[in-house]
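Welcome! Let's learn to read a few features together, one question at a time.

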Amino acid sequence: MPKNEKPMRLKKRQKKYLEQFSVYENAQEEDPLYAEKKAVSEALRALNQKLDQLDPYLPDEEEKKKDRQQPGILTQDDLAGLVILYQKAIDQIHVLTLHTEEKIASDKDKQNKAARNAARNAAKANNTLAGQLGKDLAAIQKLADHYEPITLAQVYEMSRINSGYTVVPDKKRSFSSGAQNTRIPVTLRDQDGNEVHGFFTPDKGAAGMEKLLTVVENVKAKYGPAADFFDANQFWELHDKYVKQNKDIIDKILDKKEELSFMPYQSAVAELTRGTSGQPDIAKLIDTPEKLKIYVDVMHAGLKMANELKISTSVGIAPGRNVNRRNAAMSEVAHLLGCDDLLAKSENVRIDIENMEMKGTFMREVKGTDVNRLTPKSKLFKTGPDSADGLELKKKIADLQVIDFLCGNPDRHRGNMIYDISRQDEKNAQVDSFQGIDNDTCLGIKSFDKVGLSAVHPEQMKVITKEMADRILSITPGKLRLMLYGHKLSAKEIAGVENRLTTLQKKIVADQEEYAHGYTKGYLIPGAIKVVDDKELSALSMSEDLCERGNNKSNYFNHVQTLTHTVKNIEKLSESVEKDYLKTLYDATVGCMGNVGRLVEELEEDYKGGGSSSEYNKMMKEMQKLKKSLVAMSGAMIGKEADTSHGHVLAVTKVREQMEKTLAAANEYRYYKYQKKTGEEWMQNPGAHEVTRQERRFHHATDVRDLLTGQLLVFEQLDKKLEACHDFNRKKNDLLTDAENRREEYKNSTEALLKKRNRDLNLYRNHLSRSLYQTKRAFQAIEKAPQEGKMAQKLLFESMVAFTLIRPKPTDKEKMKLDIEKATGQKLSGSIDDLIKRGVACHIVLSAEKVRAKRGKPMTPAEEQLLQDTEGLDLKDLSKAADNLAKQPVFDNFCKYNRDLLQEKGALTMPEVALPSIKKTAAFFDDYKVMANLTDKPANDGKEIHSSRLVKK
């Protein structure tokens, strides 16, 4: 096939591609599986219509306000009807799958590989759906055989919650938290006896205003009356009036709570009031060091919960709406799309934990590198510029963007991905793969276009793998809906997924049609998604092609690419190690200030009653000193300003010594009480009795002992944290040196030079291909142009021929000329130099006509200059004007010697014909006038002059 027909052939092949993968509702009669596809479509539609009537959704908030009725009880007839509809849908899916497989086998030599793969992907998705429908059918069948009153939502609850796990006992079980949920580490044993490690999240609703105020009150409570200066309702007043207006304050309180608490009092006040117009209100509120520390702690808890509330609100998850089950819903979607290993597998479960039956979501543990828990020995610090450029990694990133968009998940950042990083040798490591975790901030009702956070929209995705494109284009909204039932989602939340599916399908189709217009492999149109095969994706550079560049935009390729920014990662770990020390120090000291303060108040209250022993008085005084030392604790605790070379700073040592003294005093008092012969009869009377002051004092001493014993254990951890800081600082310079060496080695490597050469070659080929396509379109437009515009269109074609011929390398120019002739069917008379000269003249004439049409309207300086310089051109006959200009001997020399000047900057990377802008046109026509002595301007006016006045090219 002639080369000039390639764009049309590509477009034709693309059309065929789209026909092959059309969704069932749009199946064409000529499709060999038309009857089977339509049968599946009709069966699924009938089932969904029946389910809609029976209402399997949770009511939306606005519908609740309208007193919408809750889903009704299913009758025996309802159940029997559902059995028939489910069975028919499953049967039709099996028939389609069977015939698809038969078609693949019989047409193996006739079908192209892409069509076969698309058919296989569709069959896999069908089988996945059939499996889920089978679970639902089993639950419905069971109820139909042994009827009991139940709603459809309860049926899905039965079919989609795994109750077959038992919990392996673990005395060391602890809790951890994400932005939305509390996670309980558990090991489950399945029905086959296999143990599975992971995290269980109890069913939980999205946070609302009441939860935030409760959190604030709980933090206040640990300080007792000392926190009465701050009312919980003040949180929103301060938030809206000051904090909300100054993001720096939010960031400081959220990320530097410990640093603020240890900061000298006046400095901390300045930090918390900087940039706020009403700072006296805050300053009066925190008018003592104790109040400041309490304020920071309370506001930190409130802002943290406000952030969770903000996340839910931004996505459109209403307060009280289930959060954790969205994790399992995303796993279902990933399973449907054949990407089970893309996310940490989650499922809804019912389990017994410590004799308590709990329902929630179980997310399987993911092994690998967590960027939030790095150590100096992490393999991440062995990565270099090319460490995240593998094909399989890029495919997974592209797939995750699609699934997150489909599910409306805007909270994907590099911190909620666990990475598989392998050591290549002693010095280098490679990022091989990852799995996404914490997938619960998704499936809201808010339009995804309006969601912030880390949302990636289709126009930022860059590429989609051919396999994923096949799967997306073969899935119907009805299929998705059936997979999402049973996850406590509302009708609007499910409709949002369906809408995003349709949006993505339309964009994939439209963008592939655009890519058929002369673009070659290796080029990505900004804002478009390109369907790529493995070979093309492998050749695309992660940093140069796939990452978003500029304007603070980013996609998931950007997130993963930052893993190779080793120097920055080392600096982040340095900050993290110091922050970890500060957090532990806070827990050991200021974090117990509230408990110490409450115990001091209780001791002082009992002291007022008199009759206290010297031991009691000593314990009370030591506790008072401890409280003062905690309130007064300030200064640099770690970092360059703090000398920790011989241990913790003096302020820390003093608090530790005071805790030890106070603990000793508490033990002395308790020993004194044990030794007393009279007045302590309550010790031998464990039954019900009136609590005496003596007994109460003893219990206070016990509370002091227990509190301080725990705090001193935290100090033991603090010693280890300080040693970790010193250890990292000793290794930091070596890590930085190694990272810089890797960067330099790669920069000068044959591999890097080869990649750059190949990328430049791809860009060059794309520019030629796209320019040829546009030139052909310009020629075709001549025939379609109205009579009065044909001449201008002819000149435009000639100018595009010229600038299409300027760019190619000398060895490619003749070939490009022949390609243009084949594409247009018209012989280009004259040499390449003649065609360029004529085309440049046409471009100047058209530009002159364009600026003349703007007379009397606002113009740029370049337009005004071009208007003035071309006044001498007679534009009554545009073709004649171009001829007259091209015939000038000086113009001929100008075009020969100044071809670089004629091109737009960056023409190589431009996908279009590099027609000069008005500014460039004005500049080189001004040069031409100087050369032709058509102006009074001297050839050298003492200023910087254009290259055309200097040397012959």
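Predicted model: local features only at pLDDT ≥ 70, side-chain atom pairs only at ≥ 80, totals over all residues.

Q: Where do D727 and R730 lie?

A: Both belong to helix α26, residues 693-747, and they sit 3 residues apart, about one turn of the helix.

Q: Are D727 and R730 buried, partly exposed or exposed?

A: Relative accessibility tells you. Buried means under 20%, exposed means over 50%, and partly exposed is in between. D727 has a relative accessible area of 24%, so this residue is partly exposed. R730 reaches 51%, so this one counts as exposed.

Q: Which residues do salt bridges join into one network?

A: Salt bridges that share partners link E157, D203, R325, K359 and K488 into one network.

Q: How many salt bridges does the structure hold?

A: There are 56 of them. One is between R189 and E195, whose side chains meet at 2.9 Å, N to O. R189 counts as partly exposed because its relative accessibility is 31%, and E195 is partly exposed too, at 43%.

Q: With which residue does K394 form a salt bridge?

A: The partner is D389, and the closest N and O atoms are 3.8 Å apart. Now apply the cut-off for burial: K394 counts as buried because its relative accessibility is 0%. D389 is buried as well, with a relative accessible area of 18%.

Q: Let's move on to helices. At what angle do the axes of α30 and α31 cross?

A: When two helices pack, look at how far apart their axes are and at what angle they cross. Helix α30 covers residues 832-852 and helix α31 covers residues 861-869; their axes come within 9 Å and cross at roughly 110°. The two helices are therefore roughly perpendicular to each other. Their crossing is left-handed.

Q: Which residues make the contact between α30 and α31?

A: From α30 come S847, A848, V851 and R852, while α31 supplies E863, L866 and L867. Sorted by class, this contact has 4 nonpolar, 1 polar and 2 charged residues.

Q: Which residues of α31 are buried, and what do they pack against?

A: The buried residues of α31 are A862, E863, L866, L867 and D869. They pack against α30 and against α35, residues 918-931.

Q: At what angle does α30 pack with α33?

A: Helix α33 spans residues 889-897, and α30 packs with it at about 105°, the axes being 10 Å apart. That makes α30 roughly perpendicular to α33. In this contact, D833, K837, V840, A841 and I844 of α30 meet F891, D892, C895 and K896 of α33. By class, the contact of α30 with α33 has 5 nonpolar, no polar and 4 charged residues.

Q: Can we finish with one residue and its neighbours? Where is L285 found, and what does this residue touch?

A: L285 is found in helix α12, residues 279-285. Its relative accessibility is 12%, so L285 counts as buried. Leaving out residues up to four places away in sequence, L285 touches F229, F230, Q234, L238, K291 and Y295. Take F230: along the chain, L285 and F230 are 55 residues apart, yet 7.6 Å separates their C-alpha atoms.

Technical notes
Residues numbered from 1 in each chain as written. Heavy atoms only, no water. Axes fitted to C-alpha atoms, helices over the stretch in contact; angles between N-to-C directions. Helix = DSSP H or I, 4+ residues; strand = E, 2+ residues; numbered from the N terminus. Parallel < 35°, antiparallel > 145°, perpendicular 65-115°, else oblique. Left-handed = near helix turned anticlockwise from the far one by under 90°. Contact = heavy atoms within 4.5 Å. Nonpolar A, V, L, I, M, F, W, Y, C, P; charged D, E, K, R; others polar. Buried < 20%, exposed > 50% of the residue type's maximum accessible area, 1.4 Å probe, protein only. Salt bridge = Lys/Arg side-chain N within 4 Å of Asp/Glu carboxyl O.
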